[in-house]
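Here are my notes on the model you asked about, written as numbered points. Keep the structure open while you read.

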Amino acid sequence: MKQQPSHGIRQEAGPVFHELRGKFPRIVRDGWQEPPLEVVVIEKDSIARVAGYLRESWGVAALMDLTVVDYQGYAGGKKPARFEVVWYFQSFESGRRIRIKAAVPDTDPVVPSLSGLYASADWLEREAWDMFGIGFTGHPGLRRILMYEEFSGHPLRKDYPLAKEQPLVEQVHPGVPPFGAKPKALGGE
Amino acid sequence: MKRPSRESAPGRAGESVSWVATRIGDAVSWGRKYSLFQYPFVTACCGMEFMSAAAGHHDQDRFGAAFPRFSPRQADMLIVVGTVSHKLAPVLKRVYDQMCEPKWVVSFGTCATSGGFYDNYATVQGIDTILPVDVAISGCPPPPESVFDAIIKLQEKIQKEGWEAVQSRRRHPPAEARRQ
């Protein structure tokens with residue numbers, strides 16, 4: 001498939017944004033297009049309403065993906081909220097792809113679950129909980145999906161040390177320095 | 001001129017060898033090193049290379065170490081092929097503990113040996129942190145030649161360490177025994 005020249009270049013807001021803005025003026029914050037995607041930024045607590053409306057009015061049939069961005073230590077431009085949850089919707093009738101984003105503060109990292117609307121939300125939300133510690137109200141069983149139950153913390157958060165292991169099996173070679181530890185000085189100074 | 005027949009040649013009793021002198025330890029080690037039953041603990045992409053090395057084209061069976069047993073009770077060489085995550089580590093340890101003595105461990109590929117480039121929270125940084133590894137194979141993935149080199153080195157090790165050493169080898173007893 002040949003890519004359009006406009007592919008990925010930010011453009012003015014499209015029809016989905018304008019309709020959502022007219023329908024939910026208090027919820028919709030911002031919007032633009034990055035062909036072939038349309039992007040709409042909303043308030044986090046209203047995702048279930050927006051998703052339900054998209055499903056009915058725009059023929060959105062699938063939640064393709066759900067991701068989280070951790071903005072801790074972000075240095076570019078205006079300081080955003082700690083997290084941003086991103087939903088990717090797809091309509092198979094029109095081929096339209098819609099990305100919904102919502103800022104989620106560190107103090108209240110909870111958003112409504114879409115598991116009642118889309119079956120795929122079940123595991124996607126469990127992954128977001130496991131990796132980033134985002135809670136989803138209304139999820140039927142929000143527990144870890146990739147890491148083991150004994151694991152504490154959420155490893156893809158920026159404040160989780162990348163190489164901090166939590167072994168389940170007793171280590172037989174303790175004393176081996178972890179990777180990245182400062183090597184002992186070889187004399188001299 | 002009449003050629004002497006083989007049967008009438010002096011000092012030979014047919015084609016068979018009538019006696020061999022050795023030590024029992026050497027004989028046992030010889031038997032062990034050429035009948036390595038392996039347990040392939042295959043977790044990742046190295047498995048493809050392991051299949052290539054084990055199957056007909058490269059034919060690991062030439063070294064007497066080809067017969068995969070899919071029960072640890074029947075195996076004496078544990079080949080750990082691929083990345084081992086911390087979630088999986090208890091399974092690997094249990095498989096090792098279920099194997100009968102004598103047993104040997106081969107770590108196949110960079111990930112099993114050192115964690116490889118998975119230097120993160122999820123991955124065991126080398127299975128030698130939880131198991132006694134006898135031979136480690138480097139490579140991502142290792143070529144079949146490396147695998148055979150490792151098998152030959154393991155066979156040398158088995159021959160050298162002898163019968164009694166293996167009998168008394170309890171470097172990593174099960175957890176219950178360790179507590180006593």
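1. Helices (H or I, at least four residues) and strands (E, at least two) are DSSP runs, numbered from the N terminus. This is a predicted model, where local features need pLDDT of at least 70 and side-chain atom pairs count only at pLDDT 80 or more, while totals for chains, interfaces and linings use all residues. Residues are numbered from 1 along each chain as its sequence is written, and chains are lettered from A and ligands numbered from 1 in the order in which they are written.

2. Let's get an overview of chain B. Six helices and four strands make up its list of elements, and along the sequence they come as α-β-α-β-α-β-α-β-α-α. Of its 180 residues, 35% are buried; a residue counts as buried if 20 or more other C-beta atoms lie within 10 Å of its own, exposed if 12 or fewer, and partly exposed in between, with C-beta atoms placed from the backbone.

3. Now look at β2(B). It pairs in parallel with β1(B) through five bridges, and five bridges also join β2(B) to β3(B), again running parallel. On one side Phe41(B) sits opposite Val80(B); on the other, Ile79(B) faces Val106(B) in β3(B). To get from β2(B) to β3(B), the chain passes through α3(B) in a right-handed β-α-β crossover. Right-handed here means that, with the strands pointing away from the viewer, the path from the first strand over the helix to the second runs clockwise. The unit made by β1(B), α2(B) and β2(B), however, is left-handed.

4. Is β2(B) enclosed or open? Five of its five residues are buried, so β2(B) is largely enclosed by the rest of the structure. Met77(B), Ile79(B) and Val81(B) point one way, Leu78(B) and Val80(B) the other.

5. In α2(B), residues 46-54, the buried residues are Cys46(B), Glu49(B), Phe50(B), Ala53(B) and Ala54(B). They fall within an arc of 130° seen down the axis, so they line one face of the helix; the arc is that of the directions from the helix axis to the C-beta atoms. In α1(A), residues 15-23, Val16(A), Phe17(A) and Leu20(A) are buried, and their arc of only 95° puts them on the same side of α1(A). The face turned away carries the exposed Pro15(A) and Gly22(A).

6. Finally, the two chains meet: 13 residues of chain B are in contact with 15 of chain A, contact meaning that C-beta atoms, placed from the backbone, lie within 7 Å. Leaving aside neighbours within four places in sequence, Gln166(A) touches Glu150(A), Phe151(A), Ser152(A) and, across in chain B, His86(B). Gln166(A) is partly exposed, with 14 other C-beta atoms within 10 Å.

Note on methods: Two strands pair if DSSP finds at least two bridges between them.
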